[in-house]
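Good morning, and thank you for the time.

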Amino acid sequence: MAAIDCGTNSIRLLVADLPDPSAGPQAPLVDLARRMEIVRLGQGVDRTGRLAPEAIERTRVALADYAAEIGKLGAERVRMCATSASRDASNAAEFRAMVEQTLGVAPEVVTGDEEARLSFTGAVRGLPADAQPPYLVVDIGGGSTEFVVGTREGGVQAAISMDIGCVRMTERHLHGDPPTLDEVAAAQADIAGAVDRALEAVPGRQAATLVGLAGSVTTVVAIAQGLKEYDPARIHHARVPYEGVAEVTAELLARTREQRLAIPVMHPGRADVIGAGALVLRVIMERAGMPSVVASEHDILDGIAWSLSPTVT
């Protein structure tokens, strides 16, 4: 199975086999390839309402490379989900035509609710025993953040998508390098309002464990751990206390882009938006009263792949 997640900031590929049935109900997928490229598809969408031609072209180049990988590995089923930027764009038809020509399948512009459910499915399989349910799963993307509450056995209880992604908040508020205190305060107020509305819509404050997904969360966790290089095995299911998240957030917001680029675990395409992503995570922890966050390298991409299985939900 081949899954592609095309978000506001990145486009990712997972080609995987189903686990052997004898491995148990919580066994993960068997990865054959897992890749990520920063293409910034959502560049300027919050301001213009349109996908920029250069952003569509960056995405096409990455997608053509993925299509070749999918063909080489012989995936039998392919699903591509396009998220926040494509929901917001007035020229979504142009993007769709490019994808069909490049990949051979149409992109599914999933709703925020479906995006949240796919993220939850990918995240909760294989969580460690000390991660007590119910879970509040937050997927901090480029254009939006999904909030999902549920349990492994009962599935999703409630879900909502809010427009507070790291690219959107950076473009809307954090213009300085580094951002000014007033810019950070404006971003924080915007985020807090959205988070409070989300936590009222889903019972997030009643959850026992916060699970954080996507590059903003995993990068913050890698920095908090003091890693010298990005190591998914050490980041996956690592638990970081609120104090660690708050410290990293303050450091990121106080640094210039050049200084953030010098952080060993920083992806170059994330350096300009990581401050906003960290701020979203910190505010969620504050407003939900969460003492720690468990990071997951498995997220919507894994959920998309599981959705292609005829037998596994």
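Predicted model: local features only at pLDDT ≥ 70, side-chain atom pairs only at ≥ 80, totals over all residues.

Residues are numbered from 1 along each chain as its sequence is written, and side-chain values use heavy atoms, with hydrogens and water left out.

Where does Q225 lie? It is found in the loop between α8 (215-224) and α9 (232-235); helices (H or I, at least four residues) and strands (E, at least two) are DSSP runs, numbered from the N terminus. Q225 is partly exposed, at a relative accessible area of 29%; buried means under 20%, exposed over 50%, and partly exposed in between, with a 1.4 Å probe and protein chains only. Setting aside residues up to four places away in sequence, Q225 touches R234, I235 and A238, contact meaning heavy atoms within 4.5 Å.

I turn now to the sheet. Six strands form an open sheet with mixed pairing, in the order β8-β7-β6-β9-β11-β10; two strands pair if DSSP finds at least two bridges between them. Why is one side of β8 (155-162) and of β10 (239-241) left without a neighbour in the sheet? Both stand at the edges, each with a single partner strand. Strands β6 (residues 135-140) and β9 (residues 209-213) pair in the parallel sense over five bridges, and L136 stands opposite L210 in β9.

Two helices concern us here. Helix α7 (residues 181-201) packs on the sheet, touching β6, β7 (145-151) and β8, and its direction makes about 155° with that of β8. Axes are lines fitted to C-alpha atoms, for helices over the stretch in contact, and angles run from 0 to 180 degrees between N-to-C directions. Helix α8 lies across β6, β9, β10 and β11 (292-296), running at about 115° to β11.

Finally, the core. A nonpolar core is a set of buried Ala, Val, Leu, Ile, Met, Phe, Trp, Tyr and Cys residues joined through side-chain atoms within 4.5 Å. In the largest one, of 54 residues, L136, F147, I164 and L252 touch the most other members. Helix α12 (residues 274-288) supplies the largest share of this core, ten residues.
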